[in-house]
Amino acid sequence: MYRFALLRVQNSDVAEELVQEALVAALNARRSFSERSSERTWLIGILKHKLVDHFRATSARQRQLDESADAVEQATFNRRGLWDVRLARWSGNPATDAEKEDFWRVFRECMEHLPGSMNSAFCLRELEQMNSEEVCQVLGITPSNLWTQLHRARMRLRHCLEENWFKKPPRRRK
Amino acid sequence: MTPIREIIRLANLPCKDMSALISRSMDEDLDPVRRWVVKFHLCYCTACRRFRVHVTRLRDLAQDASSQFHASEAETGIKLSPEARERLKRSLED
C-alpha cells in the first residue's frame with residue numbers, strides 16, 4: 001500500500017499518512033468486506049479513494065500557483081514555435097533486473113519533479129486511468145485546464161526521461 | 001473567422017501548438033478538422049512524429065509503473081521504515 005501511494009504522491013510522509021487513513025477506514029468498515037475480492041484489492045480500493053480525496057484537497061491550492069507559462073515548454077520551442085531541441089530515438093527496454101530497477105528509480109525521480117497540479121492530473125489520468133471528465137470533477141478544473149496540465153506533465157516527463165535514461169549509454173544510467 | 005480561414009489557421013499551427021494538440025488527442029476525441037490537421041502535420045514533421053511516439057510510450061510506462069508498484073519490496077527497494085511501521089501500528093491500536 002505504501003509503495004502504491006508513494007508513486008502517486010512522491011512524498012513519503014504523505015504516503016504514510018494516506019496508508020494510515022486507509023487502514024483506519026478499512027478497520028472501521030471491516031464488516032462490510034464481502035470477500036468478493038481479495039483483501040489486497042479491497043484495501044487498495046480504499047487507498048485509491050483516499051488518494052482521490054488528497055488530490056481533490058490539494059488541487060485548489062495548486063491551481064493558483066501553476067498558471068504561468070511553463071518553463072520546460074518555453075525552453076523546448078523557439079520564438080517561431082518550432083522545436084528547439086532534438087528529440088532522441090527511444091529505443092530498447094531495460095533488459096536485466098538491475099537495469100529495470102534503475103529505470104524505475106529514474107522514472108520515480110522524474111515524477112517527483114513534477115509540480116503539484118501536473119502530478120495530480122497525470123497520476124489520475126495515466127496511473128489511475130480515469131477519463132478526462134472524472135479527473136476534471138476530482139480536481140475541480142475545466143477540460144481546457146486539464147489538457148494544459150497533462151501536456152505540460154508529458155513534456156516534462158518526456159524531457160526528464162530522455163535526459164536521464166534514453167540519451168545515456170547503459171553503463172551511465174545509474 | 002470563416003471555416004476556411006479557421007482550417008488554414010489550424011493547418012499552419014507551429015509545432016508548439018501541434019504538440020499540445022497531439023497531447024490533447026490522447027485525452028479526448030478531436031473534432032474531424034483538428035484530427036485532419038494533426039495527421040497532415042505528422043506527414044512532414046519528424047520531430048512531432050517522434051513526440052507522439054514518446055507520449056504514447058509514456059502512457060505505456062505509466063501503466064507499467066502502476067503495476068510495478070504492486071511488486072515486492074525486494075523488487076523495488078521501497079519499504080516502510082521501522083519507525084513508520086511503529087507509528088502506523090500505534091495509530092491503529094488507538
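Figure 1. Asp27(B) sits in the loop that links helix H2 (15-24) and helix H3 (32-44) of chain B. The structure shown here, as in every view below, is a predicted model. With a relative accessibility of 9%, which is under the 20% limit, Asp27(B) counts as buried. Neighbours within four places in sequence aside, Asp27(B) is in contact with Arg125(A), Ser132(A), Trp147(A), Leu150(A) and Arg154(A) of chain A, and with Arg59(B) of chain B.

**Figure 2. The salt bridge between Arg125(A) and Asp27(B).** The closest N and O atoms of Arg125(A) and Asp27(B) are 2.7 Å apart, and the two residues form a salt bridge. Arg125(A) belongs to helix H6 of chain A. A relative accessible area of 12% places Arg125(A) among the buried residues. When residues up to four places away in sequence are not counted, Arg125(A) touches Met130(A), Asn131(A), Ser132(A), Val135(A), Leu150(A) and Arg154(A) in chain A. In chain B, Arg125(A) touches Met26(B), Asp27(B) and Arg59(B).

Figure 3. Within chain B, the side chains of Arg59(B) and Asp27(B) meet in a salt bridge, with an N to O distance of 3.6 Å. Arg59(B) lies in helix H4 (residues 46-68) of chain B and Asp27(B) in the loop between H2 and H3 of chain B, so this pair ties together parts that are 32 residues apart in sequence. Arg59(B) is buried, its relative accessible area being 18%. Through shared partners, salt bridges join Arg125(A), Glu126(A), Arg154(A), Asp27(B) and Arg59(B) into one network.

**Figure 4. The interface of chain A and chain B.** In this interface, 47 residues of chain A are in contact with 41 residues of chain B. The two chains bury about 4,100 Å² between them, and 64% of this area is on carbon and sulfur atoms. Three salt bridges are found across the interface of chain A and chain B. Residue pairs in polar contact between chain A and chain B number 14. On the side of chain A that touches chain B, the elements giving two or more residues are helix H1 (2-9), H2, helix H3 (39-65), helix H5 (97-112), helix H6 (116-127) and helix H8 (143-166) of chain A. H8(A) gives the most to this side, with 10 residues.

**Figure 5. Helix H6 of chain B and its buried side.** Helix H6 (residues 82-93) of chain B has 12 residues, which at 1.5 Å a residue should span 16 Å; the end C-alpha atoms are 16 Å apart, in agreement with this value. Ala84(B), Leu88(B) and Ser91(B) are the buried residues of H6(B). These residues cover an arc of only 65 degrees around the axis, and therefore lie on the same side of H6(B). An α-helix has 3.6 residues a turn, so residues three or four places apart point the same way. The buried residues of H6(B) pack against helix H2 (12-28) of chain A. Exposed residues Pro82(B), Glu83(B) and Glu93(B) are carried on the face of H6(B) turned away from its buried side.

Figure 6. Arg152(A) forms a salt bridge with Glu73(A), with 3.9 Å between the closest N and O atoms. Arg152(A) lies in helix H8 of chain A and Glu73(A) in helix H4 (residues 71-76) of chain A, so the pair ties together parts that are 79 residues apart in sequence. Both Arg152(A) and Glu73(A) are buried. Glu162(A) forms a salt bridge with Arg158(A), the closest N and O atoms lying 2.9 Å apart. Glu162(A) and Arg158(A) are both in helix H8 of chain A, four residues apart, or about one turn of the helix. Glu162(A) counts as buried at 2% relative accessibility, and Arg158(A) is buried with a relative accessible area of 3%.

Figure 7. Chain A has eight helices and zero strands. Of its 174 residues, 49% count as buried. Among contacts in chain A between residues at least 6 apart in sequence, 69% join residues at least 24 apart. Ser59(A) lies in helix H3 of chain A and counts as buried, at 5% relative accessibility. The C-alpha atoms of Ser59(A) and Val138(A) are 8.5 Å apart in space, while the two residues are 79 residues apart in sequence. Leaving aside neighbours within four places in sequence, Ser59(A) is in contact with Leu139(A) and Ile141(A).

Notes
Residues numbered from 1 in each chain as written. Chains lettered and ligands numbered in written order. Predicted model: local features only at pLDDT ≥ 70, side-chain atom pairs only at ≥ 80, totals over all residues. Heavy atoms only, no water. Expected span 1.5 Å × (residues − 1). Buried < 20%, exposed > 50% of the residue type's maximum accessible area, 1.4 Å probe, protein only. Arc of directions from axis to C-beta. Contact = heavy atoms within 4.5 Å. Buried area = accessible area lost by both parts, 1.4 Å probe. Salt bridge = Lys/Arg side-chain N within 4 Å of Asp/Glu carboxyl O. Polar contact = N/O pair within 3.5 Å; in protein donor to acceptor, adjacent residues only side chain to side chain.
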